[in-house]
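This briefing is for a reader who is new to the structure shown below. Please look through the sequence and the model before reading the points.

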Amino acid sequence: MRTATVQETLESVHRIATRKAMAKLIPLMCIIYFLSFIDRTNVALAKAALAADLGISAAAYGLGAGIFFIGYALLEVPSNLAAHRFGPRRWISRIAVTWGALSTAMMFVQGEWSFYALRVLLGVAEAGLFPALMYMVTLWFAPKDRAVAVGWIYTAPSIALILGNPLGASLMQLDGLGGLHGWQWMFMLEGMPTIVAGIVLYFKLPDRPAAVPWLTPEEAHSLEAHAVIDTHGHAGLFSTDWFAAIKRPTTLLIGLIYFLNQVAFVGLYFFTPSIVSPMHIQSPLLVGMLSSSVGFGFLSGVLILPRIHRRVDNDCAFLGVLTAGLVLSGYAFIAAGGSQAIQIALLCVTGFFAGGILPSYWAVAMKRLQGIQAAAGLAFINTVGLLGGFVGPYLFGMAETWSGRSDAGFNVIVGASIIGLLLVPLLARTIRAADRPAAAGPASVIKV
């Protein structure tokens, strides 16, 4: 009885500490991720104005929009290694201030070459932000709580999908005020708050539980102990050989499944307006409102599914069920060809599964990565996902071109999701093989 009482006390301390950490950290992490999503995608609203005011062609715009991802993808791993070296607080603040300054500087674009240069620099500046946020999660939260923490962080881009376009469009209405174009006002007024947020983060975002006054020593120790001890006990997780994390079969498989998810999801939210437009809808405002159904589904998914995941012991079975749900929702959209109301509802359902599964990918990956290997491995997985962000819109565009139908991209969703579903059992076997030696004893350590 006495042992049970001590154990219950320890668990109570950890629950209280976890609630405090989520209340203090998650809002700061959400704000900066929301701003990054707004600053990264607001260029889409300026496309027509840049063509009219500066003569930037559609081809030049497409190159500039895509070139952002070159430096962004290539520097994900080095940037997150720097987050491990200097601490996530300093590094996330540095990222925010530099990308906010460069996003604001987009108001000074004069032509194609300055457009290209600033887009490249913006990608370089923002590289590593999301992996650094995920790395912070590994320092603060136990594995069972990480899906919920990441789910809260993912509310930021889902809200940005809902609010971003109306917000940017409103700022564009300032055209002519003070002798500036509307797109200049938009870049300035959306970039400058990011600089301010970066400065605030430097003073408000702590690196580790032991560094904050709002936790008792017992609570700080409980958070750090659970974040480390619950990570399967693999000594290799703490190795200074960061490249080993990238070579692990589990890291590679999670990265590949995440890549397939991003092919489907990024393609979906870039092409949703063109899918909605042919539904006999004339008002651009109504098109925008109906297109936000994906964002509402995404928001619902990241709030609901991680809480279910917390109560599920078999990670891969959970991933399999959600991936199967994505396959079925995609197929149902195709089958519902003539029913527009049902198709709008299925856009929301597809966003629910495609977006809601994201926290679970990261939670599974975090269980097997710690320290500098978490910094490298999580950044690598995000890099692979970024490649899916390249491929998805391209395949959606090709599907529309070949078929002449704007909703043909749902075939890409179904195909990518089926491949991802087939890979889940392989991931399960790989995880079992990796965890088996650890369960046998501390002397048995392998690379996972």
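What follows covers aromatic rings, the nonpolar core, salt bridges and cysteines.

The structure is a predicted model. A search of the whole structure finds 16 aromatic pairs. There are four salt bridges and zero disulfides.

**Aromatic pairs**

- A pair of aromatic rings is described by the distance of the centres and the angle of the planes.
- The ring centres of Phe-130 and Tyr-154 are 5.4 Å apart and the planes stand at 50°, so this pair is tilted.
- Phe-130 belongs to helix 7 (residues 129–140) and Tyr-154 to helix 8 (residues 143–172), so the pair ties together parts that are 24 residues apart in sequence.
- Phe-130 is buried, with a relative accessible area of 2%, and Tyr-154 is also buried, at 3%.
- For Tyr-258 and Trp-362 the ring centres lie 5.3 Å apart with the planes at 70°, so this pair is edge-to-face.
- Tyr-258 sits in helix 12 (residues 249–276) and Trp-362 in helix 17 (residues 358–366), and the pair links these distant parts of the chain, 104 residues apart.
- Tyr-258 counts as buried at 4% relative accessibility, and Trp-362 is buried with a relative accessible area of 1%.
- Both pairs fall within a cluster in which ring pairs link Tyr-33, Phe-130, Tyr-154, Tyr-258, Phe-265, Phe-298, Tyr-361 and Trp-362.

**Charges over rings**

- Arg-89 lies over the face of Tyr-202, at 4.5 Å from the ring centre.
- Arg-94 is placed over the face of Trp-91, at 4.4 Å from the ring centre.

**Nonpolar core**

- The largest nonpolar core has 140 residues.
- The residues with the most contacts inside this core are Trp-99, Phe-115, Leu-133, Met-134, Trp-140, Tyr-154 and Trp-362.
- Helix 12 gives the most to the core, with 15 residues.
- Leaving aside neighbours within four places in sequence, Tyr-154 is in contact with Tyr-33, Phe-130, Tyr-258, Phe-298, Val-302, Leu-358, Pro-359 and Trp-362.

**Salt bridges**

- Side chains of opposite charge can pair when their charged atoms come close.
- Lys-20 forms a salt bridge with Glu-219, and the closest N and O atoms are 3.0 Å apart.
- Lys-20 is in helix 1 (residues 2–41) and Glu-219 in helix 10 (residues 217–229), so this bridge ties together parts that are 199 residues apart in sequence.
- Lys-20 is partly exposed, with a relative accessible area of 30%, whereas Glu-219 is buried at 8%.
- Arg-310 and Asp-145 meet through their side chains in a salt bridge of 3.2 Å, N to O.
- Arg-310 lies in the loop between helix 14 (293–309) and helix 15 (315–335) and Asp-145 in helix 8, so the pair ties together parts that are 165 residues apart in sequence.
- Arg-310 is partly exposed at 37% relative accessible area, whereas Asp-145 is buried at 3%.
- Lys-367 forms a salt bridge with Asp-315, with the closest N and O atoms 2.8 Å apart.
- Lys-367 is found in the loop between helix 17 and helix 18 (371–403) and Asp-315 in helix 15, so the pair ties together parts that are 52 residues apart in sequence.
- Both Lys-367 and Asp-315 are buried.

**Cysteines**

- Cys-30 counts as buried at 14% relative accessibility, and Cys-316 counts as buried at 7%.
- The structure holds zero disulfides.

Methods
Residues are numbered from 1 along each chain as its sequence is written. This is a predicted model: local features need pLDDT of at least 70, side-chain atom pairs count only at pLDDT 80 or more; totals for chains, interfaces and linings use all residues. Side-chain values use heavy atoms; hydrogens and water are left out. Rings of Phe, Tyr and Trp (its six-membered ring) pair if their centres lie within 6.5 Å; planes under 30 degrees apart count as stacked, over 60 as edge-to-face and the rest as tilted. Helices (H or I, at least four residues) and strands (E, at least two) are DSSP runs, numbered from the N terminus. Buried means under 20% relative accessible area, exposed over 50%, partly exposed in between (1.4 Å probe, protein chains only). A charge sits over a ring if NZ of Lys or CZ of Arg is within 6 Å of the ring centre and within 35 degrees of the ring normal. A disulfide is a pair of cysteine sulfur atoms within 2.5 Å. A nonpolar core is a set of buried Ala, Val, Leu, Ile, Met, Phe, Trp, Tyr and Cys residues joined through side-chain atoms within 4.5 Å. Contact means heavy atoms within 4.5 Å.
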